[in-house]
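Me: I'd like to learn how to read a structure like this one. Could you walk me through it, feature by feature?

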Amino acid sequence: MASGYEAATDEEQALIDKFLARTERYQTLMVDAVDRLGMNRINAGGGHSVTELADTVLAAADAQTAMGRSSPSW
């Protein structure tokens, strides 16, 4: 593990555990919010290349526009 968890002191392990718990909670809240709002969610894991991810993002953006959503103002 990149955090060096096994070599960490008990106190350091507790900090790592808290960080991971907070990160998992944040991820759950974000997925719930995205789903509740009907937004597209893209899985960036699974060993996809940058090109594959970029194509997925662009396709999701096109789909949102195609569904009658207003264009972003940026």
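Me: Let's start with charges: which side chains meet in a salt bridge?
Reply: Side chains of opposite charge can pair when their charged atoms come close. Here Asp35 and Arg41 do that, at 3.0 Å from N to O; the cut-off is a side-chain nitrogen of Lys or Arg within 4 Å of a carboxyl oxygen of Asp or Glu. A search of the whole structure turns up one salt bridge.

Me: What should I know about the model itself?
Reply: It's a predicted model, where local features need pLDDT of at least 70, side-chain atom pairs count only at pLDDT 80 or more, and totals for chains, interfaces and linings use all residues. Residues are numbered from 1 along each chain as its sequence is written, and side-chain values use heavy atoms, with hydrogens and water left out.

Me: Is Arg41 buried or exposed?
Reply: Buried means under 20% relative accessible area, exposed over 50%, and partly exposed in between (1.4 Å probe, protein chains only). Arg41 has 52%, so it counts as exposed, while Asp35 is partly exposed at 41%. Across the protein, buried residues make up 8% of the 74 residues.

Me: Which residues form a nonpolar patch on the surface?
Reply: Patch members have over 30% relative accessible area and no salt bridge; nonpolar side chains (Val, Leu, Ile, Met, Phe, Trp, Tyr) are joined within 5 Å, like charges within 9 Å. In this case they're Tyr26, Leu29 and Met30, together about 290 Å² of accessible area. Tyr26 is exposed, with a relative accessible area of 52%.

Terms used. Areas by Shrake-Rupley, 256 points an atom, 1.4 Å probe, with all protein chains shown as cover.
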